[in-house]
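Have your viewer ready with the cartoon on and side chains within reach.

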Amino acid sequence: MAQPKYIMNVDKIEQIPKEEREKLKQITDKFVFRVNDYYLSLIDWNDPNDPIRKLVIPNEGELSEYGRWDASDEDTNYVVPGCQHKYETTALLICSEVCGAYCRYCFRKRLFRNDVKEAMSDVDPGLDYIAQTPQINNVLLTGGDPLILATKKLRYIIERLRAIDHVKIIRIGSKLPVFNPMRITEDEQLLELIREYSTPDHRIYIMAHINHPVEITNEARQAFQALHDAGAIVVNQTPVLKGINDDPDVLAELLDKLSWAGVTPYYFFINRPVAGNNDFVLTLEEVYNIVEKAKAKTSGLGKRVRLSMSHTSGKIEVLAIEDGKAYLKYHQSRDGNYGKFMVLDCPKDATWFDDLPGNENYWTKPEKKVKEVVSVNEMPDTPQKKKRAATIR
């Protein structure tokens with residue numbers, strides 16, 4: 001199949017009425033827009049509440065006062081430019097600042113600002129740090145979407161990682177299996193790369209981002225199968241988002257279709273309080289109840305999914321919310337508090353860990369490790385356009 005065409009100007013999407021496109025331009029000045037014609041073909045334009053439309057088409061709520069650009073303070077995780085090391089055994093290489101499309105809820109939308117440089121095309125400093133840090137046994141390639149990179153670039157990164165004896169698992173965070181499944185099925189060199197380096201004792205994992213069952217098309221299933229045949233293990237993670245998948249029937253269908261396709265349900269996430277995400281916000285209690293109702297409708301395979309918050313202090317698993325109390329556990333912890341059990345009051349309107357009274361007793365705000373990475377939270381709210389260099393005459 002032919003590769004899809006990419007669209008970076010919302011004005012070119014003629015299915016959107018012209019007057020609406022004019023309104024959306026002020027949003028795309030602040031939050032960048034990108035989509036492709038394959039993914040647009042999944043939208044039912046006659047349905048104003050179509051979930052795929054809400055995933056990638058800007059909404060006026062993005063300009064509402066809400067959240068921070070970097071809601072999990074990722075700037076404090078960098079050890080060298082382009083490499084984060086938050087948890088002892090895991091490193092992140094931020095190796096791409098482009099995706100197949102830009103989800104409107106993205107927690108890293110700051111990377112797509114033209115005045116931010118966190119993703120690094122030169123990954124060598126990060127690779128060198130990983131090689132010198134023996135406690136790191138798994139590395140996540142992320143961004144942006146690493147599968148947007150040329151296969152030659154991916155091969156360089158993966159070959160370097162496979163030369164490091166203590167790195168056992170390589171993970172690739174990607175929405176390309178549903179944004180552009182043909183990127184996978186049509187690239188034999190990519191599949192050969194995975195066949196070569198995803199072995200019985202050193203697997204490559206694809207951390208897919210599938211939000212809604214509509215995304216699981218025949219093309220997507222072919223991409224899953226190609227990855228499986230190449231030896232990769234595919235798992236899925238998605239936030240629970242108001243207006244997109246905040247329905248037990250929808251989430252149950254997603255869990256079932258993933259399981260049927262051999263894709264492990266891995267995480268349901270609480271939507272991070274990121275700038276522009278106002279329209280996607282649900283309370284903690286709402287998300288917990290939706291997820292539990294969905295799990296009740298699926299098999300034990302679907303029930304493997306965990307509901308978590310990716311907080312500054314760590315991954316906090318939501319075990320239960322009942323009678324005004326939140327029952328939580330650190331599933332991962334920056335400060336070595338793995339397994340720490342917490343019972344906190346949960347106000348009806350709480351949407352994040354910071355909204356729970358007493359949360360401050362369990363964590364402290366971390367300090368940045370490197371000065372080169374500027375916190376986007378300290379930058380102007382509206383991205384600053386790059387100045388053109390003066391012409392010398």
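Start with a pair of helices: α10 passes α11 in a right-handed crossing. Keep in mind throughout that this model is predicted. To find the pair, select residues 248-260 for α10 and 284-295 for α11; their axes come within 8 Å and cross at roughly 50 degrees. Now show the side chains where they meet: Pro 248, Leu 251, Ala 252 and Leu 255 on the α10 side, with Ile 290, Val 291, Lys 293, Ala 294 and Lys 295 on the α11 side.

Next, select residues 124-131, which form helix α4. Which of its residues are buried? Colour Gly 126, Leu 127 and Ile 130, and you have them. Turn the view to look down the axis of α4: these buried residues fall within an arc of 100 degrees, so they line one face of the helix.

Ile 130 leads on to the largest nonpolar core, which has 77 residues. Ile 130, Leu 141, Leu 328 and Phe 353 have the most contacts inside this core. Centre on Phe 353 and, beyond its neighbours within four places in sequence, pick out its contacts: Met 309, His 311, Ile 316, Leu 328, Tyr 330, Met 342, Leu 344, Asn 359, Tyr 362 and Trp 363. For a last stop, select Ile 27, Ala 101, Tyr 105 and Met 182, which are among the 31 residues of another core, apart from the largest one.

Note on methods
Residues numbered from 1 in each chain as written. Predicted model: local features only at pLDDT ≥ 70, side-chain atom pairs only at ≥ 80, totals over all residues. Heavy atoms only, no water. Core = buried A, V, L, I, M, F, W, Y, C linked by side-chain atoms within 4.5 Å. Buried < 20%, exposed > 50% of the residue type's maximum accessible area, 1.4 Å probe, protein only. Contact = heavy atoms within 4.5 Å. Helix = DSSP H or I, 4+ residues; strand = E, 2+ residues; numbered from the N terminus. Arc of directions from axis to C-beta. Axes fitted to C-alpha atoms, helices over the stretch in contact; angles between N-to-C directions. Left-handed = near helix turned anticlockwise from the far one by under 90°.
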